[in-house]
Structures are given as structure tokens and as C-alpha cells.
Amino acid sequence: MPRLLLVVAATCCALQPHSALHPKAPRRAITVTAAELISETDAEALADVVAAALETDAVIDLRVNRGEADAMFKRVSGRVVELKNKRLLQLTYKRRGACDLQRNHAFQGDDGAEGTDGDLLPPKKWSARKAVAHALTGGAHAKATVGATRYDLTKGSLTSTSCAPAKKTASHDRTKKRVVSDDFLVALNVTNAAGKARPGMERKRKQILRFAELLDHTLSKTDLYASDSIRLVDEGCGKGYLTFAAHELLKKKSQAALDVVGVERRRELVDACNWACRDDAGLSFMAGDIAPQGKVDVVVALHACDTATDDALHAAVLGGARAIVAAPCCHKQLRPQLERHRKGSEADPALQAILHHGILADRHAEAVTDTMRCLALECVGYEARMVEWAPLDHTAKNTMLVATRADAGTDAAERLRALAAFHGVARQRLCGLLELELPGGGDEVPPRGRMPQ
């Protein structure tokens, strides 16, 4: 019996959390007497040092612990920021149980200004010296690193020691890391010589750079970057924005011999793009329709209208592409086939509620079309998914089909037929080109879609 009790007791101990078995000692609160709080004289002395450094290029790092006596603010921190080519001291007030507040102060200001009613912070017009002194006075302790000197203000005494200069930037803006530089956009008249987007081209610039990120993420899932040669075809390239971006990405990430080709029907655009890339080895443009271009490693297609996207995907499959990046557009083929669910004896009550609204019917047709494209690619050995590649306020056609070589899905064909049967879809361009059987479908392949205008 005693042994049983011992086992039960040991089991109960083992089931208890670590904190219950080994409780942490409560953190001892640091009490500061009124005499040890930062006095107004010491606060002004340290404030003079901080404010003087604002007129130099020294880095400032200020930390003020307000102590338990301050019921509103827990800490105050300060750093230098550059706004409109002017050095300002930015004070961040950490409130208890609420969001942080910030205020910027210049070297010179109106120290006699009064705050507005209900304002929790010092007046904006105060100088940096007055604002720092106000933040320090009555605090528990403070530390400040100004250049190569560290100041410690605690228990009524201000001391200073030498230290290594802090390595912090005063820039208020954070530099965004990009997979490619946008220097190539100058030749395409998207940016000017200073690297700024031309009027009306900022959204286009962001879309191009976002495409480069998606393409880089897709190619990183393959071994193409380590290949000896890479052939990329941009079907329906238009003005060649994405073709140039893909070429820049491959130059940066790979040492392979490049053959990047843009295919476009309009001869004037082909000539303009060839002139723009006249000094770029491995980049060229040719006139033609969206069609198979032989052996290819990567296929890109942006906004090829309606079934032209299917033609680009089919060209990628025939060429043995290991990566596909395509942004569909103008999903018109399936829209009439869904009408049977909107009216008539075959109308499905659930779908009828959606298809009753024109805008929702269009979006539903887009979702069904792109899902069938992904499943069709899975049937022939790809892993495919739809992602967002641009904000909706940039373009309504903001989805991208991304596919890489993988093992064929075992149930992809079954899911494709089930989706088609549920919506009554008998024909879909890519499924017909890949000879994938759909319920009620025939052998006829509808004509190709239009090239993007």
C-alpha cells in the first residue's frame, strides 16, 4: 500500500507543470524614494547634453524609466530622425496598458507654448531640450548614449563613461530589400534617370518588382538557378516589362547561359523592345502568336486574354517547362456554360443565388476557370496554386497562377471531373488541349483567345 501511494504521488508530481513544481520567486520591485527621483537640476543638465548633440551628427539613444510613481507612462525613449533633411529628436512615450505615443522636437522651439486640453504629451512646439528635461524630471533613472559617451542618471547623481559609438541610422524610412534593382526600368520609361517613377507609372513599377519576387520564389523551388543554361519565354509580352524583369533576376541569381525571349504579335512593340535591349546579352524579342516555342525551362504569361492563357499554359507543358508563372485575364469561356444554373429547369438553387448577380457570376466563373487550370496542370505533373501578385486597387486582375514540376496528383483528374460536373462545364480550353476528359465534353477545341491589347 505505501508503494502504491508513492507511485501515485510521483505520477501526480510528473503531471504538474514546471512552474508549479518550481515556482519563480516574485520579482522584487525596485523602490525609489522621493529624494532619489531625478531632480529638475539633473534633468536639465542631461537635457543640455542631448540637445547639443542634436546640432551635430552624433547618434543619440535616450532611455528614461519613469518608475512606479508615474501612473500614466512607464518609459520614455529618444532617438534622432531625419525628416525633410532636418534632424529632430523623436520621443516615444510608453504608456501603461495603452499604445505608444510619439512626438518630434527640433533643436529650437517655443518653450513657453502650452499644450492643448486633453493632450497627454508636451506641446509640439517645445524645443528638444525642454521636452527631454520634462521627460526626465521625476523619473526613477535614465541612461543616454550620445556619440561615444554614456551617461547614467540615477539616485540623484549624473555620471559619464566612454563607450563605443552607437551604430544606428537616423533615417526615418526603412530601405526595402528587393530581389532585383529597378535600374532597368529607365530604358522602359517607367522611371527617370534619378530612379523615380514617371507620372502615372508608380503602380506599374510596384507590379513589376512584385512579379520579380514571385518569380524568384517560384524558381527557388526548382534547381534552375544551378543549371548551365536557362531558357525563359514570355508569351504575349506586350511592352516587355516582365521580360526585362525576368532577365534581370536571372542575371543576378544564376551564372547560367541565358536565353530570355519575349513573344508579341505587334511588330512595333517587338522593334521597340529589341532596341531597348540592344546591349543585353541573352535577351531578345520576336513577333508571333502565343504558341509552343520548343524546349523551354520557364514560361511567363501576363494577362493573356481569355483562352490565350490556356494556350500559354499548354505551350509550357509541351515545352517541358519546370516553372510557370501566368496571370489570367478575361475569363469568358465558362461564363455562358454557367447560365444553365441561373435560369431554366436545370437551375441549381445554391448557385442561382450567386449567378443572379452579374459581378458575382463573373467572379465565380473566374474562380472555376482558374481552379480547373490548376487541376489540369496537376494531372500532367505540376504543383499549381493561385496567389495574389498585386493589390486590388492596382488591378482587378490581381491573381497569378504559379506552377512547378512535381509528381502528378493521384486524384487530380477525379477532382477536375467532379468540379466540371457540378458546374455543368463540358468544355474548357486547357483541358481540351491536354486531352483531359470532362463530363459531357467533346473533342472540339474552341478557337484561341485574343492577344492582350
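**Close-up views of a predicted protein chain**

Residues 24 or more positions apart account for 62% of the contacts in the protein chain with a separation of 6 or more, where contact means heavy atoms within 4.5 Å. This is a predicted model, in which local features need pLDDT of at least 70, side-chain atom pairs count only at pLDDT 80 or more, and totals for chains, interfaces and linings use all residues. Residues are numbered from 1 along each chain as its sequence is written, and side-chain values use heavy atoms, with hydrogens and water left out.

**View 1. The whole chain.** Welcome to the overview! The protein chain has twelve helices and 14 strands; helices (H or I, at least four residues) and strands (E, at least two) are DSSP runs, numbered from the N terminus. Of its 453 residues, 43% count as buried, meaning under 20% relative accessible area, with exposed being over 50% and partly exposed in between (1.4 Å probe, protein chains only).

**View 2. An open sheet of seven strands.** Follow the order S10-S9-S8-S11-S12-S14-S13, and you will find mixed pairing along the way; two strands pair if DSSP finds at least two bridges between them. Strand S10 (283-287) and S13 are at the edges with a single partner strand each, so one side of each has no neighbour in the sheet. From one strand to the next, the twist averages 15 degrees. Helix H8 (residues 308-318) packs on this sheet and touches strand S8 (229-235), strand S11 (298-305), S12, S13 and S14. The direction of H8 makes about 170 degrees with that of S11; axes are lines fitted to C-alpha atoms, for helices over the stretch in contact, and angles run from 0 to 180 degrees between N-to-C directions.

**View 3. Strand S14 and its two partners.** Five of the seven residues of S14 (residues 399-405) are buried, so the rest of the structure largely encloses this strand. Strand S12 (residues 323-329) pairs with S14 in the antiparallel sense over four bridges, and Ile324 stands opposite Ala403 in S14. Strand S13 (residues 382-388) also pairs with S14 in the antiparallel sense, over seven bridges. Here Ala384 stands opposite Ala403.

View 4. Helix H5 (residues 202-219) and helix H6 (residues 241-253) pack at an angle of about 45 degrees, and their axes are 9 Å apart. H5 and H6 are therefore oblique to each other: angles under 35 degrees count as roughly parallel, over 145 as roughly antiparallel, 65 to 115 as roughly perpendicular and the rest as oblique. Among the residues making the contact are Ile208, Phe211 and Leu215 of H5, and Leu242, Ala245 and Leu249 of H6.

**View 5. Helix H10 and the glycine after it.** H10 (residues 358-379) has 22 residues and reaches 32 Å from its first C-alpha to its last, close to the 32 Å expected at 1.5 Å a residue. The expected span is 1.5 Å times one less than the number of residues. After H10 comes Gly381, with a positive phi near 100 degrees.

View 6. Val76 lies in strand S2 (residues 73-83) and counts as buried at 2% relative accessibility. Leaving out residues up to four places away in sequence, Val76 touches several others, including Leu62, Val64, Leu91 and Tyr93. The C-alpha atoms of Val76 and Gly139 are separated by 9.6 Å, although the two are 63 residues apart along the chain. Now look at His423 in helix H11 (residues 412-423). His423 counts as buried too, at 5% relative accessibility. Beyond its neighbours within four places in sequence, His423 is in contact with Gln337, Leu338, Arg340, His341, Leu351, His364 and Val368.
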